[in-house]
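Here is a short briefing on a metal site and a chain interface. Look over the structure, then read the points below.

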Amino acid sequence: MIGRRLLDSKPLCGALGAAGLFCVLEATGRTGLISPIVFPLASTVLGRAVELATDADFLLDVVSTLGAWALGLLLTVVIAVPAGFVLGTLPRAETALRPILEFLRPIPSLALIPLALALFSDKFDMKITLIVYAATWPVLMNTLYGLKDVDPLAKETLRSFGFGPLSVLWRVSLPSTAPFVATGVRLASAIALIVAISVELLAGGSDGIGVFLIEVGGSPDAMVYIIATAIWAGVIGLVSDSLFVLAERRIFRWHTARTEVV
Amino acid sequence: GGSDAKTDTANASGLEKTKITIGALPIPDSAALYIANKRGFFKKEGLTVDIQVVQGGAQAQQGLFGGSLDATQTNYVSTFLAASAGNKPKIISDLYQATPNSFNLMVAKDSSIKSPADLKGKKIAVNSLRNIGTLSVTSVLKTHGLTDKDVEFLEFPFPDMAGKLEQGVVDAAWMTEPHLTAVQKNIGAQKLADTMVDSTADFPIAGVIVTEDFANKNPKTVAAFQRAVAEAQKISASDRKAVEEILPTYTKGIDAATAAVITLGTFPTSLDATRLQRVADLMLEQGMLKSKIEAKSLLLGNSG
Amino acid sequence: MLEISNLTHTYGSGPSAHNALGGIDLTVAEGELVCIVGPSGCGKSTLLRSIAGLLRPTGGQVVLNGSPVEQTPDNLAVVFQDYSRSLFPWMSVADNVSLPLRRKGMDKKQRKEAALEALEQVGLEGAGAKYPWQLSGGMQQRVSIARALAYRPALLLMDEPFGSVDAQTREELEDLTLRVRGHHNMTIVLITHDIDESVYVGDRVVVLSKAPAGIVGDLRVDLPGPRDQITTREHPDFVHLRAEVGRLVRGMRSQPASASQ
Amino acid sequence: MLEISNLTHTYGSGPSAHNALGGIDLTVAEGELVCIVGPSGCGKSTLLRSIAGLLRPTGGQVVLNGSPVEQTPDNLAVVFQDYSRSLFPWMSVADNVSLPLRRKGMDKKQRKEAALEALEQVGLEGAGAKYPWQLSGGMQQRVSIARALAYRPALLLMDEPFGSVDAQTREELEDLTLRVRGHHNMTIVLITHDIDESVYVGDRVVVLSKAPAGIVGDLRVDLPGPRDQITTREHPDFVHLRAEVGRLVRGMRSQPASASQ
Amino acid sequence: MNRVLRAAGRLWAVPVVLVVWELVTRAAEDLSFPPPTTIAASMYEMWLTGPAERLWLTEAALENIPASVGRLLAGWLLAGVIGIALGIAMGRLPLLFRFLDPLVQFARAIPPPMLLPFFMALFAIGPRMQINVIVFGIIWPVLINAGEGARLVDRQHLDTARVFGLSRGQRLFQIILPSAMPKIFAGLRVSLSLALILMVISELVGSTDGIGFQLLDAQRSYDLPGVWGTIVVLGVLGYVLNSAFLAAERRVLSWHRAAKQTT
Ligand SMILES: Nc1ncnc2c1ncn2[C@@H]1O[C@H](COP(=O)(O)OP(=O)(O)OP(=O)(O)O)[C@@H](O)[C@H]1O
Ligand SMILES: Nc1ncnc2c1ncn2[C@@H]1O[C@H](COP(=O)(O)OP(=O)(O)OP(=O)(O)O)[C@@H](O)[C@H]1O
Ligand SMILES: O=[N+]([O-])[O-]
Ligand SMILES: [Mg+2]
Ligand SMILES: [Mg+2]
């Protein structure tokens, strides 16, 4: 009975899952299934991760990366959501721009770094640009698919009261697409973090998690550092996602109340 | 960024630009830059130098030609490649030069490969394709009657190479310090060959470059920078302790104990066209360059 | 006010095409309340959607106040048959009702008052703060009626508006419709399956035939005095008319093309 | 067959909680057809969902064939009030109807035949290949009735199943329901707003009061012979019962707790 | 004929962009930004100067492009299958969700390049490692979208399914999957273009063939038209894949498009 109650707690379940994974990884290292030279022991990595938490340089780097991440994500939403609405509601704009978008979309942001390095004199601007570039796609796609999912009768209702296309967009399409958009933003948030770190790593700079990775990259045990850093990246992702979900629950109660698993 | 702040020309020393952003790799090669910064040699010349960490020479060069860096540390192979692609780099300071056993080809503990001649058909890890690693390994292969077509080069970061050797993913790895020391200690790897011998003996490795445009517009700034680096190079060249001290401050990976035992290259105190020409010539010989490049044309000044 | 001439509509194309409207001619005068009855699936909703400009008919035209309906005309309200999908789940009931009032240039307070008043009229006092999905089917239907009435349109289209409520509420809503119509001189087109209802609320009852829908009957309802649930329904004219409509609806079902007025 | 004892249900909690069912006691015998009438929003759908095991009531219990309903019981079919949302838009009409028949161990051909037969029974021959959103409201409702009837459940729950069809189709569907019930000995609980209908099809009519719903009347309908749309409705007992139910529904609206049988 | 004209009409923006690009880059004379014609020449050189009997494809084209595309498709299909299965399971099983969701949110925030060592440790190098990197990098949009889609099925649909006693399998395949399909497709589409990115990333370390390898090689040789050319190939590849995807989606989601259409 108490066991059941405990299993209702998400943090606890998550912790159990993480502990299980840790044990499996540690065991593969200890039993020699994977040599610790090839991939470090889980305990070594965890120890290093804890050390990093007290490393002032590292913390400054984290703050710097998070700053770029937040700004990039904000800009992404500001750009991608309206763009999605324009493309989703103006078929002409969509057909005209589709070839270019579909061509740009798969170009890896990381492959663009060399070109971006040549284009931007400021590393921060470049980082933000690449984040926005990469994070835009999931938000845009989810917005477009969300728009297709709007109940036509809801739109007709508003139209029948004489509201114009813009009002229909604002009062029906937007709210009913919002849960799709939110999922897109959640996807984009992780991608933004990944791009921020990768750009720092590939383009260098004076601070950021990626620059920290360069600094430790010369070390023979760089892999321990890298994986410990990856753990922090994961933790940041986990925390930010939880916050997103919390916000979604509040904002989209109308949506979940009608649908969610009981 | 580097292109901001066209600072007043009316400052004391008459420098065109007093603030410089320079790219540097967290490896022993750049020790002098950090020493110059720490000991105030730049400041003495009226310069404020912002050292940006970069991951590799190629990216640093893109930053340089793109304008986000005023100057950067880079290896010479990359520099000549960039020049042959039509870029206009100017080498303004020499930083690092190979010594015996500073860049070795390593094999696993119980490897059956006993001589470079055994490498036929094998896989060799280098940190960057088409660069010093492939150049120097190819020259070693040549002396043993093989060519670069006889082996397969794979690109891996230095820290990963130990694992690749252990896993058997590669048969040999071209490594430098501090990884050489670590790989011997951790997995008992064996030295197969020193790659800095014969045509690559005392091979020039790395220096500082700016764009031609920058050099033309800022001659006094460049001269001031050269003086400060030369002063730091002198210290590095003569005082190993100074290098050992500075290393842990900018590379998270090399602690004091490691710094004390690793094999370091030398820190040349002058910029010499004849020495650098060896790099270009070897590249031409191995087909990395399509046509001859005069190293002299890339040099700026002869102070060092 | 409303002139429909030779209106046809075909859904889809090719072999699976369905001809829903087969040339409808109908004129509705200002202030009139016309009831439309007809068998299930004959094309009543299709006709209504054409009038509302939500569907571009494949032939003929709808003229409202002299100008052809291309887009949704101004000053129109619709109570949809599928009422639950026409309420916005992300808004409270009161917000759902007051939303269209923005077009009337009312300020926030006025809108809120008008919404609450309309909700009260349909028997939903106190439900304003709830969300549509917290209401029963009949309550949702009444919200959508309240929304349309609060809007006070010049032309009101209602597609089976009273289908999901109990008998007494239904009578109250019928009377409410008549009252509001009288106060604000609305023109109303109301689709219903209840023949009694069509005669009770209508000034005219239009009977549609099976698909493709055509008009098989157009009866003027001339009942004396203001309508009253008890006396009107007992009136001999009422009984007669209701039988007449019933005969038309049934009659034309058995021998499709032959029945006519 | 079905025993409901002291069933209560409250939606939500805190100040906005809504007490929908206020202690319902009801027993339905096997093969019986019980009609439930009551004002809009009183809790009829809530009661139905509790019987179907779709809602966990906050108090009391529902016992079906001796075992308490925890999950959805076997061999049950429901015609939902919100029929349009209970059809799957990604399936053809025939697939919608035949989908549940897999459980009956029918093979593909049998399922298809059964589906087409049921569709024909509700007057939808030829609509099998269409998609639900290509049908009119009344047609969709009939699809959902066809689905339930084709399934031949032991217990059939219908929530205002005939609300969206014309009068004649409605009568046909009423008779169809009676016929199927007779052939397959189904137990049926049918919610309706039409008092005549409740008396015409029901063996019993249960009248619910306004929220929280309680039973204010439970009338046995003892009409002679097989039901017939003309003769039954003319029978004096029918007229009497219908008035009685009407009085209960209305009566208890004005003085809630006092009315009782 | 008409269709050709219509297609041409739809593509009008492409030549406009190309011409502007050509003019701007010719004027700027920046080595980093070669004009499209130079890029095209370099692409021709790289891929289309082979012998006629091989359709003029060069060895590089025959070696790198099929290898890359094969791994990309394998990774995408695998990620699709696993992502949909796991996502739906997590969407429908609260207990599983509670256990796995934190790990999922954790894992998807880790930059895939940082996990290369991990995959190399597990699979050494080669196609298996590369496919695994692709799967790890692109599974998240499918998984998250499938999970949301499965979690948020219209309750009326599920109630109906439950009432008619549909088996678990039927509920899954007939109700939950179709309901979640629009979201799943949104996820699959994002994943498809991410797959291209991950394909490149997985070919940057320890690889000997592939488009990513060719990109690296061009970078290492300071061959900027080559770098651009490879990027253009990535774009073209992405465009082709996306068009094929949309065609498939149109078939699968036809009900959805029609049901959600207004006049
Ligand atoms: N999800 C919900 N949350 C909160 N309240 C609800 C919810 N569903 C229903 N209710 C409330 O419960 C009451 C009974 O609802 P129910 O749907 O059972 O009524 P009903 O008798 O079926 O009415 P109708 O004849 O209009 O369909 C209503 O007052 C409604 O507001
Ligand atoms: N989107 C559509 N695609 C194809 N056919 C359609 C579509 N909508 C309606 N139809 C067909 O058009 C006919 C008329 O539909 P309509 O909804 O107008 O009927 P109705 O008279 O309102 O019926 P009900 O009383 O059942 O609501 C029906 O036979 C229906 O199958
Ligand atoms: O994002 N949601 O669909 O809740
Ligand atoms: Mg209709
Ligand atoms: Mg109900």
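A metal donor here is an N, O or S atom within 2.8 Å of the metal (3.2 Å for Na, K and Ca); water is not among the atoms, so sites may look incomplete. This is a predicted model: local features need pLDDT of at least 70, side-chain atom pairs count only at pLDDT 80 or more, and totals for chains, interfaces and linings use all residues. Residues are numbered from 1 along each chain as its sequence is written, chains are lettered from A and ligands numbered from 1 in the order in which they are written, and side-chain values use heavy atoms, without hydrogens and water.

**Magnesium site**
- Ser45(D) (OG) and Gln81(D) (OE1) coordinate the magnesium ion (ligand 5) at 1.9 to 2.1 Å.
- These two residues are 36 residues apart and link distant parts of the chain.
- Ser45(D) lies in helix H1 (residues 44-51), and Gln81(D) in the loop between strand S6 (76-79) and helix H2 (83-86). Helices (H or I, at least four residues) and strands (E, at least two) are DSSP runs, numbered from the N terminus.
- Ser45(D) is partly exposed at 22% relative accessible area, while Gln81(D) is buried at 16%. Buried means under 20%, exposed over 50%, partly exposed in between (1.4 Å probe, protein chains only).

**Interface of chain E and chain A**
- Contact (heavy atoms within 4.5 Å) involves 72 residues of chain E and 77 residues of chain A.
- The rule finds 3 salt bridges across this interface. A salt bridge puts a side-chain nitrogen of Lys or Arg within 4 Å of a carboxyl oxygen of Asp or Glu.
- Glu249(E) and Lys148(A) form a salt bridge (3.6 Å, N to O).
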